[in-house]
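Let's take a walk through this protein together. Have the sequence and the 3D view ready as you read.

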Amino acid sequence: MAKDVDMSKDRGILKEMDGGNGLAARMKAGRDPGPNNVELDGHNPSAMFPPITDAGGVPTFKYPYSMAHKRLFNGGWSHEVTVRELAIAKTLAGVLMRLTAGGIRELHWHTAAEWAFMLSGGTRITAIDSDGKSFVADTYEGDLWYFPPGIPHSIQGLEPDGGKFLLVFDDGNFSEYETVLLTDWVAHTPGDVLAKNFGLPQQALEKLPKKEKFIFQAEVPGPLSEDQRLAAGSLGPSPHPFVFRASQAAVTKHTKGGEARIIDSSTFKESTTVAAAIVTVHPGGMRELHWHPNADEWLYFMAGKGRMTVFATGGRARTADFEVWDVGYVLKTLPHYIENTGDTDLKFLEMFKSSYFQDLSLSEWLTHTPPDLVAAHLDLDKDTLKSIPKETLAIVPR
């Protein structure tokens, strides 16, 4: 039997979205006698009952990881959101991955740069730099890492329960199916060539894998210091800090509404192609009306509930709702906001294919333009204009 979507709990939000204008009539007109997907509709109130300010056609800018194909292995799992899942996302792609304690994302490299954010647990990462010097480090919740294209590396889960992390690549067309893997490489290289390369008898290599492992289970790694010593060898450790710690200083904007922690090449020197902001919006707060002049924005929602309206050229606008595991995408220069619609903190990552973070706010623009000119556009009196914040706050209220 078909059921109507119960939007009663969202009516307060809906009333705010259209100022209460014709809400009852719109709710009645929007009634769906079914059949319908009640649960899915309930997660997308702004699609079911869009604000009256939405207009025209704006390309889809939301895709949930819960709909992305998950690859399952003994040592963990992964799934990706790329331009194939979210057609608008042409500059960046993301892979959500979890490794068990001892689970290994095998030795590999990419043709794209890899930026990562630890969501929970712990991992040990290894790499060698362009001079062949080793890098071995343990990472935990809130830590980041960055590996340029062609830098070989691995990731392994630590005790007690492995680690979960988000990988972001500076190419929307990236796919984890197209990674250069150690096991795949040796499986597709003639045995006599491998023997000649290593100076070993061919029979010593008979047990080499015949296909890729990608993610697999192994023993939990030993002490970090010992792995660092063994990997360093005669060359010594790499001078490149491929990891940025959660405790390290970053440009942070604090207001009553929340905070935005900005990490780009000005603070994380290695991250030359991906800039990021780690944003927390408290209940009732909002990531202010703004835009990014220098790059498209790829978003990952980590906690809470929110909604975002993207304003496009030609008088077009579209609103979508976001929660944990959702990915969002905003094209360069398009204005938008993100509002906390829940009763807990809304937390998300903003990522850009750029060496630096840049945004401009509506408030900043209006208060740095001759007031008479602004008043002529918006029919606002001078006292009202004087009350608008004169700088970018990132999160409102002040």
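A quick term to begin with: a residue is called buried when its relative accessible area is under 20%, exposed when over 50%, and partly exposed in between, using a 1.4 Å probe and protein chains only. What you're looking at is a predicted model, where local features need pLDDT of at least 70, side-chain atom pairs count only at pLDDT 80 or more, and totals for chains, interfaces and linings use all residues. Residues are numbered from 1 along each chain as its sequence is written, and side-chain values use heavy atoms, with hydrogens and water left out.

By that cut-off, Phe-348 is buried, at 0% relative accessibility, and Phe-301 is buried with 0% too. Zooming out, 48% of the protein's 398 residues are buried. The chain has ten helices and 25 strands; these are DSSP runs, with helices (H or I) of at least four residues and strands (E) of at least two, numbered from the N terminus.

Now for the rings. Those of Phe, Tyr and Trp (its six-membered ring) pair if their centres lie within 6.5 Å; planes under 30 degrees apart are stacked, over 60 edge-to-face, and the rest tilted. The structure has 15 such aromatic pairs. One of them is Phe-61 with Phe-322, stacked at 6.4 Å between centres and 25° between planes. Phe-61 sits in the loop between α4 and β1 and Phe-322 in strand β20, so this pair ties together parts 261 residues apart in sequence. Both residues are buried. Phe-301 and Phe-348 make a tilted pair, 5.3 Å centre to centre with 40° between the planes. That pair links strand β18 to strand β23, 47 residues apart. Ring pairs join Phe-61, Phe-301, Phe-322 and Phe-348 into a cluster.
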